[in-house]
Amino acid sequence: MVQVDLTRMLVNLSLALDFSRRGLLRHHQRVAVIALRLGEAAGLSARERFDLFAASMIHDAGAVTWPEKDALEVFDVSHPWEHCHRGYQFTADVPLLAPAAEVILSHHDRWEGGNPSGRAGAAIPLASRIIHLADRVDVLLDDRRHVLSQSEEIVRQVKELSGSVFDPELVDLFAGLAEAESFWLDITGPCLAENLLKMVEGYRVILEPAQLMGLACFFARIIDAKSPFTRHHSQGVARAASFLAARLGMTQGECFLMEVAGLLHDLGKLSVPEEILEKPGRLTREEFSWIKQHTYYTYWLLKPLDEVLPVVRWAAYHHEKLNGKGYPFRLRERDLCLGARIMAVSDIYAALREDRPYRRGLAWPEIEKILRGEVEGGALDRRVVEALLDSRRELDDIFYAVTAGCPATSRSNRP
Ligand SMILES: [Fe+2]
Ligand SMILES: [Fe+2]
Ligand SMILES: [Fe+2]
């Protein structure tokens, strides 16, 4: 297995969590930089700082929809608990990320107590206290004004809440760090990601295959939670793609990676507002532009993997067509490897099988008609489509295993 560096992955993948109505905010990277400075000042070891970094990079994973993210941009947010709890649930059973679960659960806990976690004061994990402070500092920053003109005001606001909302010792450390202009310029400057990579370079985690799968599952949960109509889509595509890959002669290792790619194929969907993803009617040209950007972002968010694994192309090219009429790269037959072709067919199969806001899931005869039409039109690979149509029973088993207990998906079309 090749070397996949967790730090590089998290620095990029955290951006997927940052898309909101105001654009790409880099909130997770910024919080991580502030948190690491505080962690260093508080005397954390390299290992503890790495765990703090990892938790910072995913701390708001539970805020999935854009309205949820908007609500967190208010400094004295009154009910932040739901995203803390959901973030905990997303994280707790992924061994790689499990150390972050408790930290995420308490990352809005007030120092004085009264928190749903039941914790107060020093009983709140130190990493949670640090992320809480870092997070609120980032929320106070106004991107329309120069950062240095805001520093005094932010320090004043934070000090006012010392001992009630924030850990007083951390507030003192923060006030000391905040005196340096570079502290603020590091957060908002163009070298943010570079700074971040440097701050944790002393501790490296190279992912084992199972850890890579765990990381992919974690992000698939977030992607699929964006809409009840897609609550098992990434998993379904991943399992179908891996199955077809085996049918079409890929090695065991490649099938494993097809599953990883399937879990992450719609990562860029986190950049699309829910009202467009869930619109019951036909999309306007403007709305479809948002849809078209999702695989572009899948590509760029997964880019660090491209140096070592074929996963990025398999994941990000799933809306490209052999005849060059796909999006967003307008690739053609010669550019599309077998993995990308399998992902394209698996994605359409899963989408047709699932209920959508504008129709119920389709039965096999309709799916077959649509897929064969796409082959005749020069869009999809004939061999992949035939392999899929030859495997209806197995694919049904996969589909129903994945969607078991999912009320948003109808079983009524089962042949
Ligand atoms: Fe939060
Ligand atoms: Fe946050
Ligand atoms: Fe897609």
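Analyst: Happy to! One definition before we start: helices here are DSSP runs of H or I with at least four residues, numbered from the N terminus. Please also keep in mind that this is a predicted model.

User: Is serine 162 buried, partly exposed or exposed?

Analyst: Buried would need under 20% relative accessible area, and exposed over 50%. Serine 162 has 28% relative accessibility, so it counts as partly exposed.

User: Which residues does serine 162 contact, leaving aside neighbours within four places in sequence?

Analyst: Contact here asks for heavy atoms within 4.5 Å. With neighbours within four places left out, the partners of serine 162 are Pro168 and Val171.

User: Let me follow up on proline 168. Which residues does proline 168 touch, not counting those up to four places away?

Analyst: Proline 168 is part of helix 9 (residues 168-177), and its relative accessibility of 28% makes it partly exposed. Not counting residues up to four places away in sequence, proline 168 touches Trp111, Ser162 and Gly163.

User: How far apart in space are proline 168 and aspartate 347?

Analyst: Along the sequence, proline 168 and aspartate 347 are 179 residues apart. From C-alpha to C-alpha, their separation in space is 51 Å.

User: Now the metals. Which residues coordinate the iron ion (ligand 1)?

Analyst: The donor distances run from 2.1 to 2.3 Å. Along the chain, the donors follow the spacing D-x22-H-x23-H-H. The residues that coordinate the iron ion (ligand 1) are Asp60 (OD), His83 (NE2), His107 (NE2) and His108 (NE2).

User: Are histidine 83 and histidine 107 buried or exposed?

Analyst: Histidine 83 is in helix 5 (residues 81-92), while histidine 107 is in the loop between helix 6 (99-105) and helix 7. The relative accessible area is 4% for histidine 83 and 0% for histidine 107. With the limit at under 20%, both residues are therefore buried.

User: Which residue coordinates both the iron ion (ligand 1) and the iron ion (ligand 2)?

Analyst: The two ions are 3.7 Å apart. The protein donors of the iron ion (ligand 2) are His27 (NE2), His59 (NE2), Asp60 (OD) and Asp135 (OD), at 1.9 to 2.2 Å. The residue that bridges the two ions is aspartate 60.

User: Which spacing do the donors of the iron ion (ligand 3) follow?

Analyst: This ion is coordinated by Asp266 (OD), His294 (NE2), His318 (NE2) and His319 (NE2), at 2.2 to 2.4 Å. Its four donor atoms make angles of 82 to 166°, and the site is irregular. Along the chain, the donors follow the spacing D-x27-H-x23-H-H.

User: How are helix 1 and helix 16 oriented to each other?

Analyst: The axes of helix 1 (residues 6-13) and helix 16 (residues 285-306) come within 8 Å and cross at roughly 170°. Angles over 145 degrees count as roughly antiparallel. Helix 1 is therefore, relative to helix 16, roughly antiparallel.

User: How many nonpolar residues does the contact of helix 1 with helix 16 have?

Analyst: Helix 1 brings Arg8, Met9, Asn12 and Leu13 to the contact, and residues from helix 16 include Trp300 and Pro304. By class, the contact has one polar and two charged residues, and the count of nonpolar residues is seven.

Key. Residues numbered from 1 in each chain as written. Chains lettered and ligands numbered in written order. Predicted model: local features only at pLDDT ≥ 70, side-chain atom pairs only at ≥ 80, totals over all residues. Heavy atoms only, no water. Donors = N, O, S within 2.8 Å, 3.2 Å for Na, K, Ca; no water. Axes fitted to C-alpha atoms, helices over the stretch in contact; angles between N-to-C directions. Helix = DSSP H or I, 4+ residues; strand = E, 2+ residues; numbered from the N terminus. Parallel < 35°, antiparallel > 145°, perpendicular 65-115°, else oblique. Nonpolar A, V, L, I, M, F, W, Y, C, P; charged D, E, K, R; others polar. Buried < 20%, exposed > 50% of the residue type's maximum accessible area, 1.4 Å probe, protein only. Tetrahedral: all angles 85-135°; square planar, octahedral: opposite > 155°, others 65-115°.
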